[in-house]
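Colleague: Could you take me through this model, with the cut-offs stated as we go?

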Amino acid sequence: MEETVAPPLTHKDFTSDQDVRWCPGCGDYAILSAMKKALPQLEHKKEDYVFVGGIGCAARFPYYMNTYGFHTIHGRAPAFATGIKLANPKLSVWEITGDGDALAIGGNHFIHAIRRNIDINILLFNNEIYGLTKGQFSPTSKKGIKTQSNPHGITDKPFHPGKLTLGANGTFFARVSDTNPKMMQSIFLLAEQHRGTSMIEILQNCVIFNDNCHSDVTGKDVKQDAQLHLEHGKPMIFGKENNKGIILNGLKLEVVTIGENGTTENDVLIHDAYTEDSTLHNMLTTMSLPEFPVAVGVIRQVKDMTYDDGVIAQLEYEKENAKFHSVDELLTSGDTWEVKE
Amino acid sequence: MSTKNATVELDKVVIKFAGDSGDGMQLTGTQFTNTSALLGNDLATFPDFPAEIRAPQGTVPGVSGFQVHIGNTEINTPGDIADVLVAMNPAALKANKNSIKKGGTIIVNIDSFEKRDLEKAGYETSPLEDNSFEGFNIIESPITSLTRESLKDSGLDGKSIVRSKNMFALGIVYWLFNRPMEQTENFLKKKFKSKPEIINANIKVLHDGYNYAETIQAFSSSYTILPAKVPPGTYRNIMGNQATAWGFMAAAEKANLQLFLGSYPITPASDILHELSKHKNLGVKTFQAEDEMAAICSAMGASFAGALGITTTSGPGLALKGEALGLAMITELPLVVVNVQRGGPSTGLPTKTEQSDLMQALYGRNGESPVIIVAASTPANCFDWAFEASRLALEHSTPVVLLTDGYLGNGAEPWKMTKLKDLPDIKPLRIDGTEKDYLPYAREEDTGARKLAIPGTKDFEHRIGGLEKENLTGNVSYDPENHELMCRLRAEKVEKVANFIPEQEIIGDANTDLLVVGWGGTYGHLYSTVSKMTQESKKIALTQFNYINPLPKNTIDIFRQAKKIVVCELNRGQFVDYLRAQFPDIKFNQYNKTQGLPFTTIELAQHFDNLLNK
């Protein structure tokens, strides 16, 4: 029988019939659009995608994708995603979460999903604020900012999503801003191709409650000096003039200008995203303004056994070496006795 | 030279093994139980142990006990009080002074009755030397020193030698009740496969204990209990938690689905996780989650992806799962939540039994959130109720809470095994793939339940979630009329389950002077009491509920026919309040106990007599 070839999927195939209810100007629109453009470039069938959300603005994402989707409860999306992936490992599972959902109420599930390295993709929309509950500070809000729930300026120190990921032995961490649709698309593809938990922090703007929270990094005028785009195997060079680089000086990173003080391009670090040692990845992840640019792109991407592969391998082994193959055989195994008429 | 004593036939006997929580009393009791089961005795067990792994040594709170009731007739309870007590130290004797029959036999390890041992147990002088136990048949056996003597050439270190003393005690009791030792020998050979010296030592001590009992002539006779007259078939001894696990496996096989358990360790439910995690060979996937919430949520994820998703816990864990259970309810996903109830509130009495989570199961969620609730009533029928809970969840697309309890979960009894072909098929409510324009929340006429489309199925992509959904489409809807409609439809779906379950049964005459009403794990004690009183020509009957929500349709008819009703439960009156709300015209008396212990037939009979004579 001849196989009929289905026409290739387009972004329209992934558009659900639901009205999108994010605020006008919200960064989420750009992420949604990038996702719809990225998925047709992957090899999965449309019915094999599952989007899972927790609670929050970001977590409504599944409603707007014409795929299988599950809008769950606050913080627990990694656990749902884990159950889905374990039950059917051939599905491509995407968890969409925010800084409150993933790092406050869902912090435990977040680190444990990463620790296990289950093969799912986590998109963390980090806008450093609670949007859906109207402007309380979140675990990533910068110290000192004034919010609804602490008008005098918050005294908490923030969590760092990248450090948390690497601290939980994450195998994939990338950062990208919602203002860069092309980079989003390419990172989504890399994340799906990575076997294991792929964690992507998206610097996302909340126009209502924390407008411009990332503009010192993402602003058109500043971004070239404020961002370092990391690519595996490429030198860490950035800046308007493309003449700034990152070097390792002793145990610390340092920004240098190529051509000054005898510094050449050869002195600049080459990014190795694949190395298992996370020391440099940690340093790159935590670089911040004004001393450093903020690293974007794939910071870490290392190969390791995934949790789901481990589970399946064990299951297959046990099946092959099984003493019994049905529940009936199990019931009559071990010590039993017959009572006759 | 040993003289063969007379062997006396008994109909039934209750034996209790008690010692320090490190003395191996649970293992000793389980060995006696398994051996008796293989001899064909009917039996029931009651393990009773502290929450601490090693509670302060030698103290009364540190006492671990295992009671077993064996007989040649039907046995439904582990017995109110013991005929024979094995007390490995003074604390074990003290803790059980009221649970041994007047005139009963007490075997004490006299080596552990030194001054310090007595002090730890809170005795100033030895209770064996005053008249505390006058009238009892006390056998003072130097169990520790004889074990040391027995193993002095074994090459084992002193600690390992002393640890074998429970086998000496078991040997004594095996002789006393004419039990063969092969079952325990085989068990030891398997358990210590890689340590032959431990196998040999334990077997030697077991035999030496047996021979010692025969030699000392301290027992006027030995006893035997003939096999019970039970229906023909293949039997095995089974514990409640194991039966629960197997019931789920049977359900998954009959539904042709993979079984997925998401669980977090909690006493006394963990044994279900342990049991299921052994059976990867049959395709069972178990996921030990990071917490109770992740456990239920992973099971729901698996259920969404097409598996039979289940989660197991005990009271505090159910509290943590409450929000997720509400999501399962509103999304109308099949899910079974097992609550092996223990003493509450809060951490409460982790290793003790209670029935105090009924209200939590019924109402412990935000919003209008009815779920199906069923309860198992014997250790062995945990199998049937795990199976039935799975059937209801899958065929009615809704979460089901299965209530068992610590007494059922840890208790054991002989089980006449089911063959899978004799169990009903389970037909998960799924799309068949031919439907055009799938409506995720369209309902079946008879059940009111929705059909699931599983991720991976082409052209059925859809979204579900915790926001209120528009009828039929499942799209998010904040429409007031729609919300009211959906609340009603979801409630009706659960109510309609009453059309798919059998009628409530009554044991005895429906036109009774006193109808005893129970639910779940109290069945054995209530049944024993009621059948004994019936033999005494009292007009008393029993109805034990397994279907809690919804109740069987004929429930009201049963209540109307009785002159008096008493609802008995191990809580402060949760089921009786539930019944009062549903049947305001019926007068219910209640009998309650919250001691972390099962009822005794003595207290029940007394109370029922009072009600009958009033």
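Colleague: What percentage of the 614 residues of chain B count as buried?

Modeller: This is a predicted model, in which local features need pLDDT of at least 70 and side-chain atom pairs count only at pLDDT 80 or more, while totals for chains, interfaces and linings use all residues. Residues are numbered from 1 along each chain as its sequence is written, and chains are lettered from A and ligands numbered from 1 in the order in which they are written. A residue is buried if 20 or more other C-beta atoms, placed from the backbone, lie within 10 Å of its own, exposed if 12 or fewer do, and partly exposed in between. By that criterion, the buried share of chain B is 53%.

Colleague: Which element gives the largest share of the side of domain 1 of chain B that touches domain 2 of chain B?

Modeller: An automatic or database assignment sets the domain bounds, here 7-225 for domain 1 of chain B and 237-419 for domain 2 of chain B, among others. With contact meaning C-beta atoms, placed from the backbone, within 7 Å, 12 residues of domain 1 of chain B meet nine of domain 2 of chain B. Strands are DSSP runs of E, at least two residues long, numbered from the N terminus. The largest share on the domain 1 side, six residues, belongs to β3(B).

Technical notes
Two residues are in contact if their C-beta atoms, placed from the backbone, lie within 7 Å. Helices (H or I, at least four residues) and strands (E, at least two) are DSSP runs, numbered from the N terminus.
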